Amino acid sequence: MIEIQERIHTLITSILAEWGIPEVDFVVERPTDPANGDFASNVAMVAYRGFAKAVDSNVPGVKHEGVKWSIRGNNPREVAENISQRLRELQDPNISTVEVAGAGFINIRLSETAIRHTLDEAAEKKNMWGTNERLKGKKVIIEYTDPNPFKEFHIGHLLPNTIGESLSRILEANGAEVRRVNYQGDVGMHVAMAIWGIMHSHEEMPHEDADLRAKANFMGKAYAKGAKAYQEDEKIHTEIASINKKVYEGSDPLVSALYKNGKRWSLEYFEMIYKLLGTKFDRYFFESETAEFGKTAVLASLGEIFERSDGAVVFPGERYGFHTRVFINSEGIPTYEAKELGLAKLKYEYFPYDRSIVVTGNEISDYFKVLIEAMAKVYAKEGLAERTAHIAHGMLRLSTGKLSSRQGNVVTALELIDDAKAKIAERMSEKHEFTDADRVEVAERAAVGAVKYSILRQEIGKDIIFDFDRSLSFDGDSGPYLEYTLARIKSLLRKAEETGIRSPGEHTEPIGDLERMVVRFPEVVLRAGEGLAPHHIANYLVMLAHAFNAYYGKMQIVSERRESAYRVHIARAVGTTLENGLHMLAIPVLERM
RNA sequence: GCUCCCGUAGUGAAAUGGAUAUCACACCAGCCUUCGAAGCUGUUGUUGGGGGUUCGAAUCCCUCCGGGAGCACCA
């Protein structure tokens with residue numbers, strides 16, 4: 001379909017060229033209302049405006065003096081009529097009808113063969129259906145999640161992880177070579193606070209072969225204890241600062257041992273969560289490795305790009321319309337900015353990227369602008385700044401409900417998933433005989449999907465209000481709705497298999513809304529890739545699922561009748577589309593639920 | 001105070017400068033002795049206010065109102 005869309009654009013361009021009309025910036029797009037055809041173009045309106053300007057007359061389209069070309073029409077509608085007429089004459093096999101509507105839109109309806117051809121493709125290409133090679137040969141590195149060892153993996157981390165993983169898969173579906181990386185703060189005051197906390201609650205410390213969650217929980221508490229003490233007590237403040245120094249220097253055996261152990265526990269715990277969420281990172285970067293690297297880079301251009309100010313080294317961003325920010329503090333320690341500067345280069349050495357995407361919360365958007373500006377100067381030769389894009393997401397807020405009312409501690413990612421899991425387990429079908437283990441696994445996968453869907457269904461950047469009851473209501477626009485539809489299709493296909501129905505069979509029925517919806521998938525994938533916008537896929541899948549469920553309500557798909565083979569063929573295409581779409585969102589696919 | 005982001009039915013969202021602003025939830029009325037009712041069909045209701053650009057504005061510009069975030073030695 002993308003090819004056809006582009007072909008239509010080319011055809012129209014060639015018609016304009018025949019008439020000597022200079023380049024026109026028009027689009028061939030899907031009309032909002034399917035009643036207006038499969039594709040529509042605004043070429044006549046855009047060309048006419050260009051013409052009117054060229055003529056520079058109060059009676060546009062009538063006077064041609066001074067203009068070497070003619071628009072072939074006295075108003076946009078006439079222009080559209082003439083272009084349409086020529087388009088019909090060309091008799092492209094993909095096009096069935098061309099009509100003019102509204103202010104001068106050219107509405108194009110595709111031929112049945114064109115749609116059937118794409119439909120067959122959906123069935124044949126299997127897990128490649130929907131993918132394209134737009135980004136073939138492009139290297140993309142994408143950083144997301146960024147949890148800090150020694151701290152909890154809380155619900156806030158679910159956003160960048162879910163978004164980052166989905167973007168990775170969407171970019172891969174668009175042909176890019178992707179590296180997933182994760183940047184973690186393994187040094188700094190938060191680590192020192194946690195270690196202080198561990199030292200002051202070591203009697204509660206779990207044994208090495210304890211559950212990972214118990215270990216993570218212990219460290220989360222230790223960190224909270226340390227952070228509280230740090231704020232409240234001046235003496236402890238100093239102690240923690242001293243621990244921080246010892247971590248850097250590796251000068252104290254006890255501190256070093258606790259550090260090493262704690263970091264390992266955290267990373268193992270995170271790894272368990274990544275597995276649950278369906279993410280596998282290619283490379284982990286740590287602040288301990290970017291710090292010196294970044295500091296060196298900053299000092300190398302001190303005086304040219306960076307300046308001294310009050311004993312610190314700053315980037316004078318105000319000069320370029322941003323904030324001035326500290327890169328190395330007055331104690332000579334690189335700040336996050338310097339580390340990030342170092343990270344950009346380390347990433348490039350690891351994987352010479354065409355594009356680098358960093359997914360973080362939007363509270364650091366301003367600071368990131370400063371960073372990009374500094375990168376543009378420091379890495380001018382490599383052009384790293386131009387290749388870097390910051391994707392800022394909002395916050396995950398819990399509305400009313402159980403989790404938000406919990407006092408004190410932050411809500412961890414696993415707590416949220418566990419609650420979702422329990423709720424789903426209650427509602428699972430009694431029809432299927434799940435073993436207890438299966439039931440737990442299916443509920444868990446469905447829970448992950450439900451949470452992820454509620455994040456991916458909307459545009460990146462806005463806060464997400466996670467209403468527990470709504471997100472897990474399973475009705476309508478939800479993860480479980482998609483899962484349910486797919487499980488239903490899979491069940492249907494199993495039945496067709498048993499009945500011995502051979503699809504595709506003959507095309508016994510006219511093309512309907514469902515078929516037209518299926519063939520749009522590759523365009524949606526392309527658009528999601530170009531806009532780095534997973535929500536296009538999420539929204540599309542819901543529309544597709546709805547179209548299928550409506551179809552399912554009206555028609556008997558598996559039957560003794562002759563039409564059955566074709567209907568199974570369509571159901572299979574829908575199933576493949578849903579499955580591939582869910583994969584691009586990194587939402588687990590369930591066979592039964 | 002300054003800078004950035006955001007205001008779309010009761011609620012949560014969608015819309016590539018395009019055509020009558022689209023979904024879902026909730027509400028109300030229906031549909032299971034046909035393939036999974038976590039489903040389907042139907043009904044009600046929306047672009048914060050004002051100005052501008054444009055053939056055409058939820059979208060771009062200005063302004064006001066409302067919400068959020070950031071504003072140098074944390075990350």
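Around RNA strand B stand 78 residues, and Ala40, Asp310, Val326, Asn329 and Gly476 come nearest. That surface divides into 32 nonpolar, 27 polar and 19 charged residues. The model is predicted. Chain A has 22 helices and 14 strands.

**Chain A overall**

- The C-alpha atoms of chain A fill a box of roughly 85 × 75 × 40 Å along the principal axes.
- Of the 593 residues in chain A, 42% are buried.
- Among contacts in chain A with a separation of 6 or more, 74% join residues 24 or more positions apart.

**The parallel sheet**

- Five strands make up an open sheet with parallel pairing, in the order β7-β6-β5-β11-β12.
- The edges are β7 (283-286) and β12 (388-393); each has a single partner strand, so one side of each is left without a neighbour in the sheet.
- From one strand to the next, the twist averages 25°.
- β6 (residues 177-184) pairs with β7 in the parallel sense over four bridges. Here asparagine 182 stands opposite tyrosine 284 in β7.
- β5 and β6 also pair in the parallel sense, over five bridges. Lysine 139 stands opposite glutamate 177 in β6.
- Four of the five residues of β5 are buried, so β5 is largely enclosed by the rest of the structure.

**Helices across the sheet**

- Helix α5 (residues 158-173) lies across β5 (139-143), β6, β11 (355-361) and β12. Its direction is at about 155° to β11.
- Helix α11 (residues 336-350) lies across β5, β6, β7, β11 and β12. It runs at about 155° to β7.

- Strand β2 (residues 39-41) runs antiparallel to β4, joined by three bridges.
- Strand β3 (residues 95-101) pairs with β4 in the antiparallel sense over six bridges.
- Isoleucine 106 in β4 has serine 41 opposite it. Valine 100 also stands opposite isoleucine 106.
- Five of the six residues of β4 (residues 105-110) are buried, so this strand is largely enclosed by the rest of the structure.
- The hairpin of β3 and β4 has three residues between the strands. In that hairpin, glycine 102 takes a positive phi near 60°.

**Packing of α1 on α3**

- Helix α1 (residues 2-18) packs on helix α3 (residues 76-90) at an angle of about 115°. Their axes are 10 Å apart.
- The crossing of α1 past α3 is right-handed.
- From α1, Leu11, Ile12 and Ile15 meet Ile83, Arg86, Leu87 and Leu90 in α3.
- By class, this contact has six nonpolar, no polar and one charged residues.

- Most residues other than glycine have a negative phi.
- Glutamine 91 is not a glycine, yet has a positive phi of about 50°. It lies in the loop between α3 and β3.
- Glutamine 91 is exposed, because it has 7 other C-beta atoms within 10 Å and the cut-off for exposure is 12 or fewer.
- Threonine 145, likewise not a glycine, has a positive phi of about 85°. It is found in the loop between β5 and α5.
- Threonine 145 counts as buried, because it has 27 C-beta neighbours inside 10 Å and burial requires 20 or more.

**Glycine 529**

- Glycine 529 lies in helix α20 (residues 521-531).
- Glycine 529 is buried, with 25 other C-beta atoms within 10 Å.
- Not counting residues up to four places away in sequence, glycine 529 touches Arg134, Leu135, Ile170, Leu171, Ala173 and Asn174.
- Glycine 529 and alanine 17 are 512 residues apart along the chain. Their C-alpha atoms are separated by 31 Å.

Definitions and conventions
Residues numbered from 1 in each chain as written. Chains lettered and ligands numbered in written order. Predicted model: local features only at pLDDT ≥ 70, side-chain atom pairs only at ≥ 80, totals over all residues. Axes fitted to C-alpha atoms, helices over the stretch in contact; angles between N-to-C directions. Helix = DSSP H or I, 4+ residues; strand = E, 2+ residues; numbered from the N terminus. Left-handed = near helix turned anticlockwise from the far one by under 90°. Contact = placed C-beta atoms within 7 Å. Nonpolar A, V, L, I, M, F, W, Y, C, P; charged D, E, K, R; others polar. Near = placed C-beta within 6 Å. Pairing = 2+ DSSP bridges.
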